[in-house]
Amino acid sequence: MAEGKKLLRTLAGEVQDVPPIWMMRQAGRYLPEYRATREKAGDFLSLCYNPELAAEVTLQPIRRYGFDAAILFADILLVPQALGADLWFVTGEGPRLSTLTTQAEFDALKPASDVHETLSPIYETVSILSRDLPKDVTLIGFAGAPWTVATYMIAGRGTKDQGPAHALMEENRPLFEMLLGRITEATIEYLSRQIEAGAEVVKIFDSWAGSLKGADFDRYAVEPAQIITAALKARHPGIPVIGFPREAGEGYVGFAKATGVDCVALDNSVSPDWAARHVQVDGCVQGNLASSHMVTGGQALVDETRAIVEAFRNGPHVFNLGHGITPDADPANVQLMIDTVRGA
Ligand code: CP3
């Protein structure tokens, strides 16, 4: 067997008999040990900014399941907070932020170089993990993509159709583009420090990429991902980047070539067979089991898991869900998925 960690070898283009596996939101509320640690921290944001406890919840799913990768425990909305936005979480509802729709509100943001003041505990979490993770487990850092982060900053909350962000784009494109530019710079700073602290891969989450159509997808999903990827690779030669333009559909085709990412993460709205032919032809893909199987389990989980492994077996593939695991998932179904992938 070749040298090195399985996930890193796969991102470099090596085809495996058994794909490496990890899971979006693998540290989360479906695990009783996560809920206990969050309780200890007080609330979600306190947990994010507590390096010892954030490292602890990152390690929990590694201990329980033996995944091939650990993803830093943090949140994409810490970057807006570090730029000066107010951020809080309403239990059972999700994030709330101060809104940003005017030039004056943009002018009040901090420069990108100032984000480290707020984000330094996150780099400490990465350092702890880099020291404490088992030697064969890869450490993944992450940030939100500029468009997705902007949708929350503009609306002040999650929205179904990203209406307020699309409205600002139409009404004041220069302001919208300045905001995307500031988030892009801050993201490069943030991910760069994560890499210096020990992140071996970084992932860019563009959860709302699917609502960008045509030229807007190229300008606001592809271009920022390309800028961030190029800047990180210039500063940290060889650092692998995973891009996740969720629900991009046809936009997945050519995304790796256009942005320079090493791997494209797929949501489960695209079929594995289609993605193997149209996306994996350009390199590594990640995905894409529907997270609902983690709730329902059974033979359907096994069949769908096998079909995904089979569809992607002739190229580099990282097994994952198509989106984050949900709080109502059964931890036993996660084990069933892993056993199925590994042929146990
Ligand atoms: O994947 C992981 O295990 C790493 C940690 C991680 C979290 N959020 C922890 C979290 C990651 C990678 C994220 C990314 C994130 N955060 C995204 C992009 C990926 C996606 O899911 O589309 C987005 C859009 C956010 C913003 C966010 N954070 C929302 C909308 C919510 C509320 C929804 C929810 O699930 O409650 C969060 C909260 C959040 N982030 C939780 C976790 C574990 C749940 C908070 C809790 O413990 O109460």
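Student: Which polar side-chain atom lies 2.5 Å from an oxygen atom of the ligand?

Tutor: First the idea: a polar contact is a pair of N or O atoms within 3.5 Å; within protein, one must be able to donate a hydrogen and the other to accept it, and residues adjacent in sequence count only if both atoms are side-chain atoms. Here the atom belongs to S207, at 2.5 Å from a ligand oxygen. Y34 also places a polar side-chain atom 2.4 Å from an oxygen atom of the ligand. With R25, a backbone N or O atom lies 2.7 Å from a ligand oxygen. The ligand taken alone exposes 860 Å², of which the protein buries 87%; such areas come from the Shrake-Rupley method with a 1.4 Å probe, and for residues only the protein chains shown count as cover.

Student: What should I know about the model and its numbering?

Tutor: The model is predicted: local features need pLDDT of at least 70, side-chain atom pairs count only at pLDDT 80 or more, and totals for chains, interfaces and linings use all residues. Residues are numbered from 1 along each chain as its sequence is written, and side-chain values use heavy atoms, with hydrogens and water left out.

Student: How many residues surround the ligand?

Tutor: A residue is near a molecule or strand if one of its heavy atoms lies within 4 Å of it. Here 23 residues surround the ligand, and the closest are R25, R29, Y34, R38 and S207.

Student: How many aromatic pairs does the structure hold?

Tutor: Rings of Phe, Tyr and Trp (its six-membered ring) pair if their centres lie within 6.5 Å; planes under 30 degrees apart count as stacked, over 60 as edge-to-face and the rest as tilted. The structure holds ten such pairs. One of them joins F44 and F89, edge-to-face, with 4.8 Å centre to centre and 75 degrees between the planes. F44 is in helix α3 (residues 44–48) and F89 in strand β2 (residues 87–90), so this pair ties together parts 45 residues apart in sequence. Helices (H or I, at least four residues) and strands (E, at least two) are DSSP runs, numbered from the N terminus. Ring pairs also link Y34, F44, F73 and F89 into a cluster.

Student: Is F44 buried or exposed?

Tutor: Buried means under 20% relative accessible area, exposed over 50%, partly exposed in between (1.4 Å probe, protein chains only). F44 has 16% relative accessibility, so F44 counts as buried. F89, at 29%, counts as partly exposed. For another pair, the rings of F205 and F244 have centres 6.1 Å apart and planes at 80 degrees, so that pair is edge-to-face. F205 lies in strand β5 (residues 201–206) and F244 in strand β6 (residues 241–245), 39 residues apart. F205 is buried at 13%, and F244 is buried at 1%.

Student: Which residue lies over the face of F244?

Tutor: A charge sits over a ring if NZ of Lys or CZ of Arg is within 6 Å of the ring centre and within 35 degrees of the ring normal. K203 lies over the face of F244, 4.7 Å from the ring centre. R246 lies over the face of W208, at 5.2 Å.

Student: Where does T259 lie, and which residue's backbone oxygen does its side chain reach?

Tutor: T259 is in helix α12 (residues 255–259), and its side chain reaches the backbone oxygen of F255 at 2.7 Å. T259 is buried, with a relative accessible area of 3%.
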